[in-house]
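This briefing goes through one predicted model. The points are grouped by topic.

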Amino acid sequence: MTVNRPAILDANPFVKFGLSTRLGGVSPPPLGMNLSFHVGDLDANVVKNRELFFGSLEIGLADLAIPMQVHSNIVKYADVAGTYPQCDALVTDVPGVFLCVSVADCAPIFLLDNKKKVVAAVHAGWRGTATHLVWTTANMMDNVYGCNPKDIVAYIGPCVSSCCYTVGDDVASRFAPQFLKHDQSRVTLDLKSASISQLTDLGIPNSQIEVSSHCTICDSHLFHSFRRDREKSGRMMGVIGLVPGSN
Ligand SMILES: [Zn+2]
């Protein structure tokens, strides 16, 4: 059910991390492993899928902190499990609170400070990326939790990649030229590079940023993609948290 486990997060015994694919669920095709209640799937299927996915990580559904994503650059502190309205990133230093993001093309990004034991989960589509959401999240880890950027590791998960992410002038105009590629009649955006740049700007070493090579549109057997499948697209979830008793 998970793919491409990032070495940079798996190296830490006090961290639990997982990222679902479209494989392994009970929902009828094409939804499969759909983890969203908002895409026309039966609630009972979604509950079962969540039990399967989070159960495989030994994380209880009652321990999830879930942002009600709105493509903003708002980060919230999640000290308890539950839902967090109107935000697109969560940060915590509380063991046993497992931070989620829901994606189908947008970039799921996960941050960890090994020393201060702080984690963050970020949902960065073009709007969040254009408004520096991952920079804002890592900066909050620095300012609020005293994290040294040199101690932060980051994983940028599968998302719509520059091979497939054709954008119009309205979106392109929000990004610096180095994140855009012009070929023949189209302009493509590289969300991954834009987020890497925000993280390195803050002082996180490049060697501590791991990036998935997968594209959610190209790798159709593995991933849901809203841009590819529109209303037939399910949603994947990523989760990160500190193991209880780890601080
Ligand atoms: Zn692609």
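His132 lies in the loop that runs from helix H3 (126–130) to H4. Its phi is near 60°, a positive value in a residue other than glycine. His132 counts as partly exposed because 19 C-beta neighbours fall inside 10 Å, and a residue needs 20 or more to be buried.

**Other backbone points in loops and after a helix**

- Asp105 is found in the loop between S6 and S7.
- Although Asp105 is not a glycine, its phi is positive, about 120°.
- Asp105 has 26 C-beta neighbours inside 10 Å and therefore counts as buried.
- The peptide bond from Pro29 to Pro30 is cis, with omega near 5°.
- Pro30 belongs to the loop between strand S1 (15–19) and helix H2 (43–56).
- Gly203, which follows H6, has a positive phi near 105°.
- In helix H6 itself (residues 191–201), the buried residues are Leu191, Lys192, Ala194, Ser195, Ile196, Gln198 and Leu199.

**The chain as a whole**

- The chain contains 7 helices and 14 strands.
- Its radius of gyration is 17 Å, close to the 18 Å that the globule rule gives for 247 residues, so the chain is as compact as a globular protein of that length.
- The C-alpha trace spans about 55 × 45 × 30 Å along its principal axes.
- Of the 247 residues, 47% count as buried.
- Taking contacts between residues at least 6 apart in sequence, 62% join residues at least 24 apart.

- An open sheet is formed by 6 strands in the order S3-S5-S8-S7-S9-S13, with mixed pairing.
- The edges are strand S3 (75–77) and strand S13 (209–211); each has a single partner strand, so one side of each is left without a neighbour in the sheet.
- From one strand to the next, the twist averages 15°.
- S13 pairs with strand S9 (residues 152–156) in the parallel sense, over 3 bridges.
- Within that pairing, Ile209 of S13 is the bridge partner of Ala154.
- Helix H4 (residues 133–145) packs on the sheet and touches S3, strand S5 (89–92), strand S7 (107–113), strand S8 (118–124) and S9.
- The direction of H4 makes about 160° with that of S8.

**The three-stranded sheet**

- A further open sheet has 3 strands in the order S10-S12-S11, and its pairing is antiparallel.
- Strand S10 (166–167) and strand S11 (180–183) stand at its edges with a single partner strand each, so one side of each is left without a neighbour in the sheet.
- S11 and strand S12 (residues 186–189) run antiparallel and are joined by 4 bridges.
- His182 has Val187 in S12 as its bridge partner.

- Strand S6 (residues 98–103) is mostly covered, with 6 of its 6 residues buried.
- In a regular strand, side chains alternate between the two faces of the sheet.
- On one side of S6 are Phe98, Cys100 and Ser102, on the other Leu99, Val101 and Val103, and all of them are buried.
- Which strand pairs with S6 in the parallel sense? Strand S2 (residues 64–67) does, over 2 bridges.
- In this pairing, Ala65 has Leu99 of S6 as its bridge partner.
- Strand S14 (residues 236–242) pairs with S6 in the antiparallel sense, over 5 bridges.
- The bridge partner of Leu99 in S14 is Ile240.

**The nonpolar core**

- The largest nonpolar core has 70 residues.
- Which residues have the most contacts inside this core? They are Ala65, Leu99 and Ala154.
- S8 contributes the largest share of the core, 6 residues.
- Leaving aside residues up to four places away in sequence, Ala65 touches Ala78, Ala81, Gly82, Tyr84, Leu90, Thr92, Val97, Phe98, Leu99 and Cys100.

Notes
Residues numbered from 1 in each chain as written. Predicted model: local features only at pLDDT ≥ 70, side-chain atom pairs only at ≥ 80, totals over all residues. Pairing = 2+ DSSP bridges. Axes fitted to C-alpha atoms, helices over the stretch in contact; angles between N-to-C directions. Contact = placed C-beta atoms within 7 Å. Core = buried A, V, L, I, M, F, W, Y, C linked by C-beta atoms within 7 Å. Buried ≥ 20, exposed ≤ 12 C-beta atoms within 10 Å, placed from the backbone. Rg over C-alpha atoms; globule rule 2.2 N^0.38 Å.
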